[in-house]
Amino acid sequence: MKILYFSFAPIHSSIDGVYKKGLRKNNVEVIDYSFHGVHGFSRYAQILQKYRIHSEEVDYVMAGYDSPFIIIFLWPWCRK
């Protein structure tokens with residue numbers, strides 16, 4: 001199983017780090033991107049670009065604990 005993980009928090013923030021560590025411990029391949037420090041619409045454009053690059057190879061898309069707007073943004077393009 002492969003998961004694409006997006007977050008606005010730093011890559012190793014406490015909650016997100018625990019989620020990703022647990023997934024990897026259970027033999028799930030995690031492709032993670034952090035858009036910490038990127039502001040405005042460009043962060044969403046980058047998320048859409050990364051999703052399109054990996055959409056064929058991933059089974060699920062997850063958003064970080066503090067990043068629920070990523071799911072709302074990706075909803076029209078992604079049903080994973």
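# Contacts and cores in a predicted chain

Asn27 is found in the loop between α1 and β2; helices (H or I, at least four residues) and strands (E, at least two) are DSSP runs, numbered from the N terminus. The chain is a predicted model, in which local features need pLDDT of at least 70 and side-chain atom pairs count only at pLDDT 80 or more, while totals for chains, interfaces and linings use all residues. Residues are numbered from 1 along each chain as its sequence is written, and side-chain values use heavy atoms, with hydrogens and water left out.

Asn27 is exposed, with a relative accessible area of 70%. Here buried means under 20% relative accessible area, exposed means over 50%, and partly exposed is in between (1.4 Å probe, protein chains only). Asn27 and Gln46 are 19 residues apart along the chain, and their C-alpha atoms are separated by 27 Å.

**Salt bridges**

Side chains of opposite charge can pair when their charged atoms come close. The rule used here asks for a side-chain nitrogen of Lys or Arg within 4 Å of a carboxyl oxygen of Asp or Glu. Four salt bridges are counted in this way.

One of them joins the side chains of Lys2 and Glu29, at 3.8 Å from N to O. This pair links distant parts of the chain, with Lys2 in strand β1 (residues 2-7) and Glu29 in strand β2 (residues 29-34), 27 residues apart.

Lys2 also forms a salt bridge with Glu57, where the closest N and O atoms are 3.0 Å apart. Glu57 lies in the loop between α2 (41-54) and β3 (60-63) and Lys2 in strand β1, so this pair ties together parts that are 55 residues apart in sequence.

Asp32 is in strand β2 and Lys20 in helix α1 (residues 14-25), 12 residues apart, and the pair links distant parts of the chain.

The table gives the accessibility of these residues.

| Residue | Relative accessibility | Class |
|---|---|---|
| Lys2 | 19% | Lys2: buried |
| Glu29 | 43% | Glu29: partly exposed |
| Glu57 | 37% | Glu57: partly exposed |
| Asp32 | 24% | Asp32: partly exposed |
| Lys20 | 5% | Lys20: buried |

**Aromatic rings**

A pair of aromatic rings is described by the distance of the centres and the angle of the planes. Rings of Phe, Tyr and Trp (its six-membered ring) pair if their centres lie within 6.5 Å; planes under 30 degrees apart count as stacked, over 60 as edge-to-face and the rest as tilted. The structure holds six aromatic pairs.

In one of these, the rings of Phe6 and Tyr33 have their centres 6.2 Å apart and their planes at 25°, so the pair is stacked. Phe6 lies in strand β1 and Tyr33 in strand β2, so parts that are 27 residues apart in sequence are tied together. Phe6 has 0% relative accessibility and counts as buried, whereas Tyr33 is partly exposed, with a relative accessible area of 22%.

Phe6 and Phe35 form a tilted aromatic pair, 6.0 Å centre to centre with 40° between the planes. Phe35 is in the loop between β2 and α2, and it is 29 residues apart from Phe6 in strand β1. Both Phe6 and Phe35 are buried.

Elsewhere, Phe8, Tyr44, Phe73 and Trp77 form one aromatic cluster. The charged end of Arg43 sits over the ring of Phe8, 3.8 Å from its centre; this label requires NZ of Lys or CZ of Arg within 6 Å of the ring centre and within 35 degrees of the ring normal.

**Nonpolar cores and surface**

A nonpolar core is a set of buried Ala, Val, Leu, Ile, Met, Phe, Trp, Tyr and Cys residues joined through side-chain atoms within 4.5 Å. The largest has 16 residues, of which Leu4, Phe6, Ile47, Tyr51, Val61, Ile70 and Leu74 touch the most other members. Two or more residues of this core come from each of β1, α2, β3 and α3 (68-74). The largest share, four residues, comes from α2. Apart from this core lies another of five residues, among them Ile3, Leu23, Val28 and Val30.

Ile15 has its place in helix α1, and at 39% relative accessibility Ile15 counts as partly exposed.
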